[in-house]
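The tour goes stop by stop, and each stop begins with something to select.

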Amino acid sequence: MLGARCFNCSILLALTLMITIFQIANCQNGNNSNLPSFARVNGCHFVMNGKRLYLNGFNAYWMMFLAADPSTRVKVTSTFQQASKYCMNIARIWAFSDGGATPLQSSPGSYNEDMFKGLDFVISEAKKYGVYLILSLVNNFEDYGGRPQYVQWARERGQSLKNDDFYTNLVVKQYYKNHAVLTRKNSFTGVMYKDDTTIFSWELMNEARCGSDPSGKKLQQWITEMSAYVKSIDNLHLLEIGLEGFYGESVKSRKQYNPNNVTVGTDFIANNQIPQIDFTTVHMYPEHWLKPNSTDGAQQAFVDRWIQAHTEDCNSVLKKPLIITEFGKSDRLPGYSIEKRNNYLGHVYNAIFISAKAGGSFLGGIFWQLMTQGMENYADGYQVILEESPTTAKVIAEQSRKLHSLSPMK
């Protein structure tokens with residue numbers, strides 16, 4: 001009986017492998033490595049060449065830094081190869097590094113050409129492997145400079161400022177406007193960034209917050225001004241804010257969905273009602289946002305409420321698409337296992353698929369974060385290395401296949 005059972009298991013395993021290979025190949029055939037046109041928004045939906053577009057992808061903030069060194073560029077290429085193999089079609093990366101030891105922008109308007117060439121390379125490789133890019137323009141936090149560095153530059157030029165004056169000070173706002181990413185000409189492709197169809201969207205700021213102004217007025221005014229400015233330079237690409245999803249004062253009843261009822265100076269409803277903002281984003285880190293030692297059940301309940309609330313708002317109030325642009329499971333937290341990570345990814349993916357299949361606004365997921373082997377210095381616990389995690393790769397590929405089935409190539 002044992003031998004027969006093993007024989008039958010072998011047959012099932014072979015069949016499963018054949019089906020998986022077929023599904024991946026079918027999905028890859030649907031990838032358009034030329035990325036010939038700009039993504040558009042039609043109500044709650046993304047469209048490309050007249051067809052609805054669904055997104056499954058990854059964060060890789062580190063790409064520009066490794067691509068700036070020709071000896072480590074292979075990590076970027078390898079990651080895009082892996083992403084393409086499992087039919088992912090979008091990546092979110094940093095297009096900033098302000099001051100510090102490895103700057104893109106060493107001082108206002110002064111750029112490190114080697115780092116810019118690294119970003120050029122990332123965009124050219126993404127195009128080669130059929131992966132769209134979301135490019136974030138500045139960080140809310142001090143990592144890689146961010147808002148604090150902009151404010152410090154202004155202080156060095158005689159301005160007396162606090163960090164949240166980033167949103168109101170005329171000098172600092174001009175520094176932000178002068179950030180020369182949109183008008184960069186790619187040294188590998190010869191295409192200006194603002195004309196490059198590889199870029200899916202600009203992101204105004206990673207995880208924008210303004211804790212000193214819980215009313216949300218400062219950030220609302222800044223988003224209004226900067227979104228109009230970006231669109232005045234580039235009205236071809238989509239634009240999003242980079243929000244985590246916290247609710248604010250415009251609809252007070254929705255603040256109940258904020259973890260621990262916290263407010264951070266953002267307003268998911270009001271911020272995303274600004275006309276120049278094309279689609280909405282949320283992040284999701286219940287293991288950090290909820291009270292310490294919160295149970296798995298409490299975290300899962302939060303995840304479901306967070307997704308449901310934002311999907312409802314995008315369906316009926318904002319009438320714009322929604323992407324979850326950061327989520328994942330850290331191997332540094334108690335009780336972690338790859339199985340738990342896979343189940344978590346699968347749970348979020350299922351919510352996306354159910355919404356997309358029903359014609360809803362929740363249309364894509366971008367997990368944090370994808371790496372390749374030999375990148376221990378960048379590991380933060382959330383890293384997914386597909387070569388080492390075949391079961392996770394299978395979960396990701398299955399989501400790609402399911403979303404692709406909703407809008408197959410003709």
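The model is predicted, so local features need pLDDT of at least 70 and side-chain atom pairs count only at pLDDT 80 or more, while totals for chains, interfaces and linings use all residues. Residues are numbered from 1 along each chain as its sequence is written, and side-chain values use heavy atoms, with hydrogens and water left out.

**Stop 1: helix H4**

Select residues 113-128, which form helix H4. Helices (H or I, at least four residues) and strands (E, at least two) are DSSP runs, numbered from the N terminus. The expected span of a helix is 1.5 Å times one less than its number of residues. For the 16 residues of H4 that gives 22 Å, and the end C-alpha atoms are 22 Å apart, which agrees.

Look at the start of H4: a side-chain oxygen of Asn 112 comes within 3.0 Å of the backbone nitrogen of Asp 114. After H4 comes Gly 130, which has a positive phi near 70°.

Which residues of H4 are buried? They are Met 115, Phe 116, Gly 118, Leu 119, Asp 120, Phe 121, Val 122, Ile 123, Ser 124, Glu 125 and Ala 126. Buried means under 20% relative accessible area, exposed over 50%, and partly exposed in between (1.4 Å probe, protein chains only). To see what covers the buried residues of H4, show helix H2 (63-67), helix H3 (73-85) and strand E5 (90-94), which are among the covering elements.

Now pick Ser 124 in H4. Its relative accessibility is 15%, so Ser 124 counts as buried. Leaving aside neighbours within four places in sequence, Ser 124 is in contact (heavy atoms within 4.5 Å) with Asn 186, Phe 188 and Thr 189.

**Stop 2**

Two packed helices are described by the angle between their axes and the distance between the axes. Axes are lines fitted to C-alpha atoms, for helices over the stretch in contact, and angles run from 0 to 180 degrees between N-to-C directions.

Select H5 (residues 146-156) and H6 (residues 170-178): they pack at about 125°, with axes 9 Å apart. H5 and H6 are therefore oblique to each other. Angles under 35 degrees count as roughly parallel, over 145 as roughly antiparallel, 65 to 115 as roughly perpendicular and the rest as oblique. Show side chains to see Tyr 150, Val 151, Trp 153 and Ala 154 of H5 meet Val 171, Val 172, Tyr 175 and Tyr 176 of H6.

Stay on Tyr 150 in H5. Is Tyr 150 buried or exposed? Tyr 150 is buried, with a relative accessible area of 0%. Not counting residues up to four places away in sequence, what Tyr 150 touches includes Asp 98, Val 138, Phe 166 and His 179. The side chain of Tyr 150 also makes a polar contact with the side chain of Gln 105, at 3.3 Å. A polar contact is a pair of N or O atoms within 3.5 Å; within protein, one must be able to donate a hydrogen and the other to accept it, and residues adjacent in sequence count only if both atoms are side-chain atoms.

**Stop 3: H6 again, with H7**

The contact is made by Lys 173, Tyr 176 and Lys 177 of H6 and Trp 222, Glu 225, Met 226 and Tyr 229 of H7.

**Stop 4: helices H10 and H11**

Select H10 and H11 (residues 338-357), which pack at about 20° with axes 12 Å apart. That makes H10 roughly parallel to H11. On the H10 side, the contact residues include Gln 300, Val 303 and Ile 307, and on the H11 side they include Tyr 344, His 347 and Ala 351.

**Stop 5: backbone exceptions**

Most residues other than glycine have a negative phi, and most peptide bonds are trans.

- Asn 293 has a positive phi of about 65° although it is not a glycine. Asn 293 sits in the loop between helix H9 (286-289) and helix H10 (296-318), and is exposed, at 79% relative accessible area.
- Lys 319 has a positive phi near 55°. Lys 319 lies in the loop between H10 and strand E12 (322-327), and counts as exposed at 52%.
- The peptide bond from Trp 368 to Gln 369 is cis, with omega near -5°. Gln 369 lies in the loop between strand E13 (362-367) and strand E14 (370-371).
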